[in-house]
Amino acid sequence: MLGGIDINTSGVNHETSGDSFATGNIWALIAKYSIPAVVSGLVGSLYNIVDQIFIGRGLGYLGMAATNVAFPFTTICLALALTFGVGGAVNMNLLLGKGESEKARSFAGNTIFLSAASGVFIALVSLVFLEPLLSIFGATEATMGYTKEYAAITALGFPFFIFSIVAGKLIRSDGSPIFSMVCVLSGAVFNCIGTPIFIFVLGMGIKGAALATVLGQALSSSLALYYFAKKARVIKLNKQYLKPMAGFTGLIVLSGVAPGINQIAVTFIQIALNNLLTYHGQFTSYGSDLPLAAAGATTKVFAIFFTLVLGVAQGCQPIIGFNYGAKNYGRVKEIYGKAAITVFLISLPVLVCFQLFPTFVLSVFGTDSEAFYEFGSRFLRINFMMLPLIAVQVVTANFFVTIGKPLLGLVMTISRQLALLLPLMFIFSHIIGLNGILYAGPVADMTAFIITAVFIAREMGQISEKIKK
């Protein structure tokens with residue numbers, strides 16, 4: 001019951017999806033669930049990159065720097081959304097694999113309640129403490145005005161942003177990857193069309209970019225609600241399932257803690273990166289603000305690649321989760337292997353593009369600053385030279401979360417972001433200045449991959465033993 005209306009299922013049984021997960025062709029299943037997830041991720045990333053492109057063309061690199069300073073708000077929201085969305089979806093699929101549909105519905109309902117409550121809370125906190133938070137995030141005197149205008153409006157969309165991501169993961173786990181993609185696609189298309197209209201035609205500047213983003217997120221959320229009302233297969237949202245229960249909440253958070261903390265770590269990295277670039281940039285010919293803008297552009301370019309990899313990992317999540325719950329361990333092992341091969345192959349042409357054509361990649365942002373292209377190209381080439389290793393690590397960490405071992409996924413997350421990258425940025429920049437920030441990335445990536453390889457090798461050995469029994 002939501003707003004006095006019982007949101008029920010369409011009467012479609014989930015057995016069809018379950019049978020497919022257990023017996024269908026693995027490559028076909030990976031394609032069926034990963035392609036919509038990849039498209040959703042790519043389109044979703046347009047929320048940020050479209051703003052960056054049009055703001056760069058309309059306001060120059062100071063406007064681009066402003067959106068980069070405000071970006072930690074996005075990663076904080078994404079951390080909450082992934083914690084609840086992944087945690088809810090993982091438990092839902094494991095339970096469906098065991099045939100416990102009623103309990104799966106309770107996890108879905110609790111997940112949606114958590115997403116709504118957290119979205120409202122983070123929006124209120126952001127608006128009340130906006131200026132001091134932006135100062136912590138690295139805003140300079142030159143960028144504070146733009147940043148406040150942008151962040152004050154986008155904060156209003158945080159509840160929609162978090163809910164739409166969480167709902168998308170539940171819809172995919174409910175056996176409807178295409179509809180999940182449509183939810184994201186609709187909002188992103190609106191954002192792509194609305195941003196230039198609001199910025200240039202209506203003359204709203206950076207406020208227009210923020211407003212288009214919020215309205216797009218609201219559209220995605222509305223379609224997700226429609227799915228729960230008319231199209232859902234397993235998910236039934238009434239008072240019984242929406243009522244928060246401590247035991248379910250704890251399991252949701254525990255299961256989703258690895259991707260959630262990964263995003264929190266990204267937030268800390270972003271804040272540290274902004275401040276280090278500002279500080280060390282002042283001692284170079286680039287100044288304080290230009291490295292901030294170039295790093296923001298390259299980070300958003302990298303986000304496109306990351307969504308490709310994460311899309312494959314998340315597309316495989318319901319398939320792996322169902323089979324692990326059903327104790328089809330040989331199938332679990334095969335799915336992971338093919339997912340790892342897929343993301344490794346995807347990363348190779350992206351790596352070549354970053355290394356050989358960085359200026360072309362960055363030219364989409366439309367600035368006429370030669371210094372921007374010079375520093376941005378170095379950032380893109382050096383900081384992301386280990387893309388294939390990053391790809392495999394992401395899939396592996398997601399695999400551990402999916403099979404109900406979130407603490408191992410968390411170890412991999414912490415090893416790269418907090419234990420390695422964050423301290424290395426400070427150490428290397430102290431020794432060799434601005435260049436040290438760039439080289440910290442590949443060193444952290446290589447070390448984290450070695451740690452990941454040890455854990456997955458041990459897990460595959462344990463799964464092989466289960467197959468023999």
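What follows is a chat about a predicted model of a protein.

Student: What does the secondary structure come to, in helices and strands?
Tutor: The protein has 18 helices and 0 strands. The model is a predicted one.

Student: How many residues are there, and what share of them is buried?
Tutor: The protein has 469 residues, and 60% of them count as buried. As for the surface, the protein exposes about 17,700 Å². Carbon and sulfur atoms supply 69% of that area.

Student: Which residues have the most contacts inside the largest nonpolar core?
Tutor: Leu134, Phe375, Leu387, Phe399 and Met425 do, in a core of 139 residues. The largest share of this core comes from α12, with 19 residues.

Student: Take Leu387. What does Leu387 touch, not counting residues up to four places away in sequence?
Tutor: Leu387 touches Phe302, Phe305, Ser347, Val350, Leu351 and Phe354.

Student: And contacts in general: what share join residues at least 24 apart?
Tutor: Among contacts between residues at least 6 apart in sequence, the share is 84%.

Student: New topic. How many salt bridges does a search of the whole structure find?
Tutor: The search finds 4. One of them joins Lys148 and Glu131, with the closest N and O atoms 3.1 Å apart. Lys148 is in helix α6 and Glu131 in helix α5, and this pair, 17 residues apart, links distant parts of the chain.

Student: What about Lys338, which residue does it form a salt bridge with?
Tutor: Its partner is Glu334, and the closest N and O atoms are 2.9 Å apart. Both residues sit in helix α13, 4 residues apart, which is about one turn of the helix. Lys338 is buried, with a relative accessible area of 17%, whereas Glu334 is partly exposed at 37%.

Student: Which residue meets Lys405 in a salt bridge?
Tutor: Glu459 does, at 3.0 Å from N to O.

Student: Why does Glu459 count as buried?
Tutor: Because its relative accessible area is 2%, and buried means under 20%. Lys405 is partly exposed, with a value of 23%.

Student: Where is Asn383?
Tutor: Asn383 is in helix α15, which runs over residues 370-383. That helix has 14 residues and reaches 20 Å from its first C-alpha to its last, close to the 20 Å expected. Its buried residues include Phe372, Phe375, Leu380 and Asn383.

Student: What is Asn383 in contact with, leaving aside neighbours within four places?
Tutor: Its contacts are Arg378, Ile437, Leu438, Gly441, Pro442 and Asp445. The relative accessible area of Asn383 is 12%.

Student: Last one. What is the phi of Lys327?
Tutor: Phi of Lys327 is near 65°, a positive value in a residue other than glycine. Most residues other than glycine have a negative phi.

Student: Where does Lys327 lie, and is it buried or exposed?
Tutor: Lys327 lies in the loop between α12 and α13. Lys327 counts as exposed because its relative accessibility is 60%, and exposed means over 50%.

Terms used: Residues are numbered from 1 along each chain as its sequence is written. This is a predicted model: local features need pLDDT of at least 70, side-chain atom pairs count only at pLDDT 80 or more; totals for chains, interfaces and linings use all residues. Side-chain values use heavy atoms; hydrogens and water are left out. Helices (H or I, at least four residues) and strands (E, at least two) are DSSP runs, numbered from the N terminus. Buried means under 20% relative accessible area, exposed over 50%, partly exposed in between (1.4 Å probe, protein chains only). A nonpolar core is a set of buried Ala, Val, Leu, Ile, Met, Phe, Trp, Tyr and Cys residues joined through side-chain atoms within 4.5 Å. Contact means heavy atoms within 4.5 Å. Accessible areas come from the Shrake-Rupley method with a 1.4 Å probe; for residues, only the protein chains shown count as cover. The expected span of a helix is 1.5 Å times one less than its number of residues. A salt bridge is a side-chain nitrogen of Lys or Arg within 4 Å of a carboxyl oxygen of Asp or Glu.
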